[in-house]
Amino acid sequence: MSKPGEHRACIPRCKLSVPTELDSVGLCVHHFTWSVEEACAEMHRQVALRKATVERRAEMATYVSECALLLARVTSNLCLSNDLKRRILCTFLSLMNLRENLERAPSGHAPEIHVLAPGLFPAPALVPDWLSSESNAGVRSQV
């Protein structure tokens with residue numbers, strides 16, 4: 001671990017320091033939020049395609065909780081630029097959306113079958129008088 005006054009870059013060529021709140025992951029705020037958003041997108045795909053098992057969804061829920069806790073610690077202890085604040089809020093939103101998708105995910109792996117109930121769709125539109133007249137037979141054949 002780095003000393004409090006020492007600059008520690010998260011990845012090569014990154015000029016941002018790693019805050020003490022993110023020492024456990026070893027990334028600066030920018031790269032941490034970027035990696036969380038990428039992970040959320042991948043997990044969202046897994047849930048949407050129903051490829052995530054119950055165990056995997058439990059792992060995802062733990063990941064969401066841990067990342068949200070880390071982000072909360074970062075925001076409470078640092079003086080952040082407006083750009084980083086926006087980025088953190090977007091990351092919180094990604095985490096919240098993933099959490100909601102996990103809660104709504106069906107427990108089984110079989111695709112859901114949607115049965116359309118009668119009366120859900122409006123009745124067919126009536127044919128206007130100008131289309132039903134015999135003089136407009138050519139127009140009807142084009143429609």
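Reader: Let's start with H3. Which helices do the buried residues of H3 pack against?
Author: They pack against H1 and H2. Keep in mind that this is a predicted model. The buried residues of H3 are Arg87, Ile88, Thr91, Leu95, Leu98 and Leu102.

Reader: How many residues does H3 have, and how far does it reach?
Author: H3 has 23 residues and spans 33 Å between its first and last C-alpha. That is close to the 33 Å you'd expect at 1.5 Å a residue.

Reader: Can we zoom in on one of those residues? Is threonine 91 buried or exposed?
Author: Buried: its relative accessible area is 0%. Threonine 91 sits in helix H3. Leaving out residues up to four places away in sequence, threonine 91 touches Thr33, Val36, Glu37 and Leu71.

Reader: Now H2. Which residues are buried there?
Author: In H2 they are Arg57, Met60, Val64, Cys67, Leu70, Leu71 and Val74. The buried residues of H2 pack against H1 and H3. As for length, H2 has 24 residues and reaches 35 Å from first C-alpha to last, close to the expected 34 Å.

Reader: And how should I read the nonpolar core? Which residues touch the most other members?
Author: The idea is to look for buried nonpolar residues joined through their side-chain atoms. In this model the largest such core has 25 residues, and Leu22, Phe32 and Leu95 touch the most other members. Helix H1 (29-48), helix H2 (54-77) and helix H3 (82-104) each supply at least two residues of this core.

Reader: What does phenylalanine 32 contact, beyond its neighbours within four places in sequence?
Author: Phenylalanine 32 is in contact with Leu22, Val25, Leu27, Cys67, Leu70 and Leu71.

Reader: Which is buried and which is exposed, cysteine 67 or cysteine 79?
Author: Cysteine 67 is buried, with a relative accessible area of 5%. Cysteine 79 is exposed, at 83%.

Reader: On to charges. How many salt bridges does the structure hold?
Author: Side chains of opposite charge can pair when their charged atoms come close. This structure holds 5 salt bridges. One of them joins aspartate 83 to arginine 86, with the closest N and O atoms 2.8 Å apart.

Reader: Where do aspartate 83 and arginine 86 lie relative to each other?
Author: They are 3 residues apart in helix H3, so about one helical turn separates them. Aspartate 83 is partly exposed at 45% relative accessibility, and arginine 86 is partly exposed at 46%.

Reader: What about the pair of glutamate 103 and arginine 99?
Author: Their side chains meet in a salt bridge, 3.5 Å from N to O. Both residues lie in helix H3, 4 residues apart, again about one turn of the helix. Glutamate 103 is exposed, with a relative accessible area of 60%, while arginine 99 is partly exposed at 32%.

Reader: And in helix H2, what separates glutamate 59 and arginine 56?
Author: They are 3 residues apart, so the separation is about one helical turn. Their side chains form a salt bridge at 3.4 Å, N to O. Glutamate 59 is partly exposed at 47% relative accessibility, and arginine 56 is partly exposed at 28%.

Reader: Last thing: confidence. What is the mean pLDDT of the protein chain?
Author: Think of pLDDT as the predictor's confidence in each residue. The chain's mean is 77, and 68% of its residues reach 70 or more. Among its elements, H1 has the highest mean pLDDT (94), and helix H5 (residues 137-142) has the lowest (49).

Reader: Where does pLDDT stay under 50?
Author: One such stretch is residues 109-116, for which the model has 8 contacts beyond four places in sequence. Residues 119-125 are also below 50, and this stretch has 1 contact beyond near neighbours in sequence.

Technical notes. Residues are numbered from 1 along each chain as its sequence is written. This is a predicted model: local features need pLDDT of at least 70, side-chain atom pairs count only at pLDDT 80 or more; totals for chains, interfaces and linings use all residues. Side-chain values use heavy atoms; hydrogens and water are left out. A nonpolar core is a set of buried Ala, Val, Leu, Ile, Met, Phe, Trp, Tyr and Cys residues joined through side-chain atoms within 4.5 Å. Buried means under 20% relative accessible area, exposed over 50%, partly exposed in between (1.4 Å probe, protein chains only). Contact means heavy atoms within 4.5 Å. A salt bridge is a side-chain nitrogen of Lys or Arg within 4 Å of a carboxyl oxygen of Asp or Glu. The expected span of a helix is 1.5 Å times one less than its number of residues. pLDDT is the predictor's confidence in each residue, from 0 to 100.
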